[in-house]
Amino acid sequence: LTLTYQAVVRNISSNNEGTTLTNNATLFWDSGSASDAGDTLTIVEPLVIITKSASPTSGDGGDTITFTVELTAVSGANRTDAYNVVFADLTPAGMSYVNNSLAFVPGGGRIAPTTINGASGPSISAAWDKLAPGQTSRLTFDATLTYAVTPTQAITNTGLVTYTSLPGSQPGTGPGQGGAKD
């Protein structure tokens with residue numbers, strides 16, 4: 001008798017990349033049972049990091065700032081593909097997004113987004129179906145400093161990346177955020 005089954009590792013805090021799990025199985029019948037320690041497996045998970053820079057890093061009302069965003073799917077032991085990857089950015093007060101400026105920067109083997117939503121702000125986003133370990137993508141966009149900014153005022157513009165470890169919608173899974181584990 002051969003039994004074949006598939007299982008999905010639950011998305012719980014103790015199941016992290018590098019954790020080793022043993023699949024134990026017991027078959028029961030009327031007159032007894034049989035057990036097998038089965039195989040062990042090591043959990044692999046994606047990790048997508050985001051870096052963001054601005055040029056220039058200072059300015060006056062009416063000046064345009066160009067932001068460069070790079071997403072990298074980290075490679076190495078216990079890493080795997082990231083699915084449903086989404087970069088999102090909300091232009092902060094003191095800045096105005098320049099419509100249609102969100103763009104993919106090709107070259108260097110970078111992966112183009114599946115979709116770009118940057119026609120107008122203040123919320124912009126880009127999405128990738130999948131980023132494999134070692135793959136990167138680069139985006140740029142522009143924002144203009146409003147005339148309401150004051151000298152020495154600091155404005156922080158923060159982007160967020162979310163992703164999952166399985167393709168499509170999976171029960172019991174949640175998105176990784178930033179570089180956090182999902």
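**Strand pairs around β12**

I started with S96, whose bridge partner in β12 is T144. Strands here are DSSP runs of E with at least two residues, helices are runs of H or I with at least four residues, and both are numbered from the N terminus. β8 and β12 run antiparallel and are joined by three bridges. I count two strands as paired if DSSP finds at least two bridges between them.

Before going on, I noted what I was looking at. This is a predicted model, where local features need pLDDT of at least 70 and side-chain atom pairs count only at pLDDT 80 or more, while totals for chains, interfaces and linings use all residues. Residues are numbered from 1 along each chain as its sequence is written, and side-chain values use heavy atoms, with hydrogens and water left out.

Next I followed β12 to its other partners. Nine bridges tie it to β6, and the two strands run antiparallel. T72 has T136 in β12 as its bridge partner. Strand β9, residues 103–104, also pairs with β12 in the antiparallel sense, over two bridges. There A103 stands opposite T140.

**Strand pairs around β7**

Which strands pair with β7? One is β11, antiparallel, over eight bridges. Y83 has its bridge partner K130 in that strand. Another is β13, also antiparallel, with five bridges. For F87, the partner in β13 is V161.

**Overall build**

I then stepped back to the whole protein. It has 14 strands and zero helices. Along the sequence the pattern is β-β-β-β-β-β-β-β-β-β-β-β-β-β. The radius of gyration is 22 Å, well over the 16 Å that the globule rule gives for 182 residues, so the protein is more spread out than a compact globule. That radius is taken over C-alpha atoms, and the rule is 2.2 Å times the number of residues to the power 0.38. The C-alpha atoms fill a box of roughly 85 × 30 × 25 Å along the principal axes.

I looked up burial as well. Of the 182 residues, 30% count as buried. Buried means under 20% relative accessible area, exposed means over 50%, and partly exposed lies in between (1.4 Å probe, protein chains only). The accessible surface comes to about 10500 Å², and 52% of it belongs to carbon and sulfur atoms. These areas come from the Shrake-Rupley method with a 1.4 Å probe; for residues, only the protein chains shown count as cover.

Contacts came next, meaning heavy atoms within 4.5 Å. Among contacts with a separation of 6 or more, 65% are between residues 24 or more positions apart.

**The core**

Which residues touch the most other members of the largest nonpolar core? They are L71, V85, F87, W128, L139 and F141, out of 23 residues. Such a core is a set of buried Ala, Val, Leu, Ile, Met, Phe, Trp, Tyr and Cys residues joined through side-chain atoms within 4.5 Å. Two or more residues each come from β6 (64–73), β7 (82–90), β8 (95–97), β11 (123–131), β12 (136–145) and β13 (159–164). β6 gives the largest share, five residues. In soluble globular proteins, nonpolar side chains tend to be buried together.

Beyond its neighbours within four places in sequence, its contacts include F67, V69, F87, L102, F104 and W128.

T91 sits in the loop between β7 and β8. Is T91 buried or exposed? It is buried, at 8% relative accessible area. Not counting residues up to four places away in sequence, T91 touches S96, Y97, P122, A143 and N157.

P122 came up again when I checked peptide bonds. The bond joining G121 and P122 is cis, with omega about 10°. P122 lies in the loop between β10 (115–117) and β11. The bond from S55 to P56 is cis too, with omega near -5°. P56 belongs to the loop between β5 (48–55) and β6.

Last, I looked up positive phi values. N84, not a glycine, has phi of about 50°. N84 lies in strand β7 and is partly exposed at 33% relative accessibility. N100, also a residue other than glycine, has phi near 65°. Its place is in the loop between β8 and β9, and N100 is exposed, with a relative accessible area of 60%.
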